Amino acid sequence: MNALYSLVFVFALVLIPLIGVGAAKLNVFFGICIPSTALLVFLAGFVCKIYGWAKRPVPFRIPTTGGQQEPYDTTLFTQNKWDNPSTGPQTVVRMLLEVLCFRSLFRNTAVKLDVKNNVVAYASAKWLWLFAILFHYSFFIIVARHMRLFLAKVPMPLEWLEFGDGIMQIGIPRMYMSDVLILVGLLFLLGRRLVDPKIRYISLVNDYFPLFLIIGIALSGVYMRYFAKVDVIAIKDMVVSLTQLKFKVPAGIDNSFYVHLFLVSTLLFYFPFSKLMHLGGVFLSPTRNLPNDTRIRHHENPWNDKSIMPHSYAAYEDDFRAPMFEAGLPLEKLPEGAEEEAKA
Amino acid sequence: MAKFSKKPIELLQSIDYTPPRTDWMSTPNDFSDGRYAYPAKPEKIEYLMKELPGAFANPREWSPGDVDWKLPPNWKDIVHEGFKERLNKYRSLKVFMDVCVRCGACADKCHFFIGSGDPKNMPVLRAELMRSVYRKDFTLAGKILGKLTGARVMEEDVLKEWFLYFYQCTECRRCSLFCPYGIDTAEITMMARELLHLCGININWIMEPVANCNRTGNHLGIQPHAFKDILDFMLDDIEAITGKRINAPLNEKGHEVIFITPSGDVFADPGIYTFMGYLMLFDAIGLDYTLSTYASEGGNFGLFTNADMMKKLNAKMYAEANRLGAKWILGGECGHMWRVINQYMDTMNGYLQGPQMSTPVSPITGTVFGNAKQTKMVHIAEFTADLIKHGKLNLDKSRNDYVKATFHDSCNPARGMGLLDEPRYVLKNVCNHFWDMPENTIREQTFCCAGGSGLNTDEIMEIRLRGGLPRGNALKYVQDKHGVNTMACVCAIDRATLIPLADYWAPGVRITGLHELVANALILPGEGERTMNLRQEEFEELNAQEEE
C-alpha cells in the first residue's frame with residue numbers, strides 16, 4: 001500500500017510540469033522559479049539540519065568497537081586500528097571506510113534457520129552492499145557530470161569522468177554506464193523492499209517515495225538524452241545564465257526536460273526533511289566518528305552534573321558501624337562506648 | 001511464575017520470520033504471563049527518589065498484566081518533555097531518530113529476533129516504536145501527514161509497547177555494528193527506559209539491585225559483616241583445595257591497588273569460583289591490594305536505568321580509592337561494568353580522582369598500562385595476560401586438561417571496548433584445549449546471553465531462552481564438533497544467565513569465569529598437592545568422565 005501511494009504520488013508529480021509547461025506554458029515558472037527555490041530550500045535545509053545535529057552535545061564517547069582495542073602491550077596484542085580506532089587519524093580512516101566503502105554494510109549476513117538439523121547459520125549477504133554501492137556511486141557520478149551545465153568551462157577531471165563513464169562506446173549519444181547502473185541499483189533496492197517480507201513490513205511511504213522519485217528522475221533523464229535528444233546547448237545556456245542571475249528561458253526545449261527538472265526540484269525540496277539526510281548524518285554518528293579512548297584521554301560532557309555525589313562512605317558506615325565493628329572491619333569512627341570497652 | 005515447558009525443538013519450530021498480516025502499529029500488545037518482568041517494589045522507588053531526585057517516579061503497587069497501570073495523569077506531557085530534553089542533550093538520539101533509512105541490515109542481527117521472529121524485535125522496528133512518536137511530536141511532516149509518514153500519537157498502548165520491547169533489548173549493540181550509520185539501539189533503549197522511569201514504569205530486577213548497590217554497596221543488599229563472612233568461607237574453601245591459608249584484605253587503607261569486581265561473584269555459583277580465583281592469583285603474586293565492602297559492586301545496574309543513576313553508583317569507585325589511598329583500580333570480570341568504565345567513567349566522574357591516583361603500573365612486571373592512564377583502571381584480563389607474558393605465574397596447565405573450552409565474548413567488552421584477544425591469550429595459557437565458536441558468533445559479532453541490561457530474571461525465561469538461541473546454537477556446534485564441555489566468559493551476568501541457556505540449548509556444557517581456570521592451573525607458593533579443582537571436584541573423576 002505504501003509503495004502504491006508513493007508510485008501514484010510520483011506519477012502526479014510527473015503530470016504537474018507536463019500540464020504546466022505543455023498546456024499552461026508556464027516555462028519560466030517551471031524552468032526558473034521552482035528549481036531555484038528548491039535549490040535554496042535544499043541548501044538552507046541541509047545546513048540547518050547539520051547545524052541542528054552539530055550543536056547538540058556528545059555527552060559520552062560511545063563508539064561501537066569492531067575489533068581489538070588499543071593494547072597496553074603492542075608486542076602481545078595487535079589493535080584493529082580501523083574498526084576500533086583510538087586516535088583521531090585512525091578514526092578518520094574508519095570514517096572514510098564507512099562513507100566511501102560502506103564498511104558496516106559490507107559485514108552484512110543473513111540468518112538461516114535450519115530447524116531439521118538444529119542449525120542457525122549466518123550466510124554472507126553482500127548484495128545489499130553491492131547494489132547500494134552501485135546506486136550511490138552512480139548517483140554521485142551523475143551529479144558530478146551535471147556540473148558541466150553550471151560551468152562555462154568544463155574542468156579536466158569532469159571530462160575524464162565523462163569519458164570513463166561512456167568508455168563502453170555504445171550508441172549515439174554514447175551510453176553512460178552510470179545511467180544503467182543507477183537504475184539497476186534502484187530496482188534492486190526497490191525490489192528487495194517489495195519481495196523480502198521483513199523489509200516490506202518496515203517500509204514506509206518515506207522509503208518508497210524517494211526510490212520512485214529517483215527512478216523517475218533517472219528515467220526522465222535517460223529519455224531526454226537517448227530518446228528525445230533534447231537541446232543540451234540551450235539547456236546549458238539557460239543554466240549558466242541562471243548562475244549569473246540573468247534569467248532567460250530559451251524556447252524549444254522538450255517537455256521531458258521540465259519533467260526531469262521538476263522531479264529534481266522535488267527531490268531537493270524533500271531532501272533536508274527526509275531520511276535522505278543520512279548523507280550528512282553518517283558523518284555525525286557518535287558510534288562511528290569518535291575514537292575509543294576515554295580510558296586514555298578525558299572527554300568533557302558539557303552538561304555533566306557535578307552535584308550528583310555517591311552515597312557517602314560516612315553515611316554507609318553510620319548505617320552499619322556496629323556490625324562492622326563486631327566483624328572486625330576497619331572503621332573511620334568507632335561505635336560509642338567501644339573505646340572504653342576496649343580499655344576495660 | 002510462568003512455567004516454561006517448551007522443548008528446544010518445539011521452540012525452534014515455533015520461530016517464523018514472516019511478519020504477521022496486521023501492520024505493526026495495529027498489532028496489539030501481548031501481556032500474557034512470562035512476557036514481562038515484575039515491576040519494582042514501591043519502597044525501592046521511594047528510596048531512590050530520595051537519593052536521586054528527578055530520575056524515578058510514581059511508586060505504587062501495579063502489574064503490567066493489569067489494564068490500568070496507574071500512570072500519572074499528565075504522563076503524556078512527562079514523556080513529551082522528557083523526550084524533548086533528551087533530544088537536546090544527546091546528539092546520538094537526535095541523529096538516530098533522523099537518519100534511519102530502514103535498509104533492514106539490522107533486522108536479523110538481534111538475538112531476540114532470531115529466537116522469536118517477532119518483527120518488533122528487529123532493531124529497526126524497535127527504534128521505530130520510538131521514532132514514530134518522535135515524528136508526530138517533533139517533525140513538521142509527521143505533524144501534518146501523520147500515519148502516512150510513519151508517525152503516530154502517543155497513547156497508553158504505545159507506552160505499554162515501549163515497556164514490552166525496550167525490556168526485550170539487552171543493549172548488546174550487535175545491531176549497531178552492522179548499521180551503515182552506526183545507529184545504536186542500546187542508546188535508544190536507554191532513552192526509552194529513562195522516559196518510562198519518569199512515569200514510574202520499571203522492573204524490580206533492575207531497581208532492587210540499584211537501590212541495594214546504593215545503600216550497601218552490592219547487588220543483593222548483603223551487609224558488610226556478612227560480606228566478610230562470605231569471604232572467610234571462600235578462604236576456608238581455598239585452604240581445603242590448596243592446603244594454604246591465604247589472606248584477603250578488606251576495607252584496609254594504604255594499599256597500592258583497590259580491586260573491584262561485580263558482587264554477583266561473591267554470592268552465586270559459579271561466580272564464587274572466579275572470585276576465589278582472583279584471591280588466589282593475588283596471593284600468588286603478592287599483590288598489595290584491598291577489597292572494599294562499600295565499593296563491592298563493579299557492575300552498575302544504574303546503566304540500565306538512567307545516566308545520573310549510573311554516575312552516582314559509579315562514583316563510589318573513585319570515592320573509595322581516595323578514602324583508602326589506592327593508586328589505581330583493578331577491575332574484575334564483568335560485562336556492562338566495563339562498558340561503563342571504558343566509555344563513561346572518566347567523563348562522568350574523572351574529576352573525583354584524588355591526587356594519590358596515578359597511571360596504573362603493574363607492581364610485579366613494571367608494565368605501564370598506558371591505555372588506562374585517564375581512568376586509572378585496568379581489566380584483570382589485561383593484568384593477568386601481562387603476568388603470564390612475563391612468566392610471573394607458575395602454571396600447571398594439565399590441571400585443566402578435563403576442560404575442553406570455548407570462549408564467550410560478552411557484548412559490552414566486545415563492542416563497547418574491544419577486549420577480545422586478552423582473555424583468549426590468558427585462556428590459551430592456562431588451558432590446553434580451546435576452540436572458538438563460529439566466526440559470526442564471536443568477538444565483535446558475539447551474541448548476547450539474552451539476559452544483559454537487567455533482563456536476567458526468571459519470570460521471562462522463555463524470552464531469555466529464545467534470545468539465547470544464537471549463542472546456544474553456536475555453543476552446540478563446538479560441543480558436537482570438538483567435544484567442548486566448558487564455556488568461559490568474563491562477565492558475572494553471563495555466569496548466571498549462560499547456565500540455563502547451556503542447559504537448554506547445549507546440555508552438558510558448564511560455565512566458568514576466566515580466573516577460575518587461571519587459579520585452577522596456578523601453583524601457589526607453599527601449596528600442597530592438589531587433587532581437586534576450585535569446585536572441589538576430584539581431578540581423577542573429572543578426567544575419567546572425560547575419557548568416557
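## An open sheet in chain B

In this predicted model, three strands of chain B make up an open sheet in the order β5-β6-β7, with parallel pairing; strands pair if DSSP finds at least two bridges between them. Strands (E, at least two residues) and helices (H or I, at least four residues) are DSSP runs, numbered from the N terminus. Because β5 (405-408) and β7 of chain B stand at the edges with a single partner strand each, one side of each has no neighbour in the sheet. From one strand to the next, the twist averages 35 degrees.

Between β6(B) and β7(B), the parallel pairing extends over 4 bridges. Gly513(B) in β7(B) stands opposite Cys489(B).

## Helix α23 of chain B

Across β6 and β7 of chain B lies α23(B), which runs at about 80 degrees to β7(B). Axes here are lines fitted to C-alpha atoms, for helices over the stretch in contact, and angles run from 0 to 180 degrees between N-to-C directions.

This helix (residues 514-521) is mostly covered, with 8 of its 8 residues buried. A residue is buried if 20 or more other C-beta atoms, placed from the backbone, lie within 10 Å of its own. Among the buried residues of α23(B) are Leu514(B), His515(B) and Glu516(B). Their cover includes α14 (271-285), α17 (380-389), α19 (421-430), β6 (486-489) and β7 (510-513) of chain B.

## Domains of chain B

An automatic or database domain assignment gives domain 1 (8-30 + 57-201) and domain 2 (210-547) of chain B. The C-alpha centres of these two domains lie 33 Å apart. Their contact takes 19 residues from domain 1 of chain B and 23 residues from domain 2 of chain B, where contact requires C-beta atoms, placed from the backbone, to lie within 7 Å.

On the side of domain 1 that touches domain 2, α1 (8-13), α5 (111-116), α9 (174-178) and α10 (185-198) of chain B each give two or more residues. The largest share, 5 residues, is that of α5(B).

## The interface between chains A and B

Chain A has 82 residues in contact with 100 residues of chain B. Elements of chain A that each supply at least two residues to its side include β1 (109-114), β2 (119-124) and α9 (205-228). The largest share of this side, 6 residues, comes from α13(A).

## Conventions

Residues are numbered from 1 along each chain as its sequence is written, and chains are lettered from A and ligands numbered from 1 in the order in which they are written. In this predicted model, local features need pLDDT of at least 70 and side-chain atom pairs count only at pLDDT 80 or more, while totals for chains, interfaces and linings use all residues.

Methods: Contact = placed C-beta atoms within 7 Å. Buried ≥ 20, exposed ≤ 12 C-beta atoms within 10 Å, placed from the backbone.
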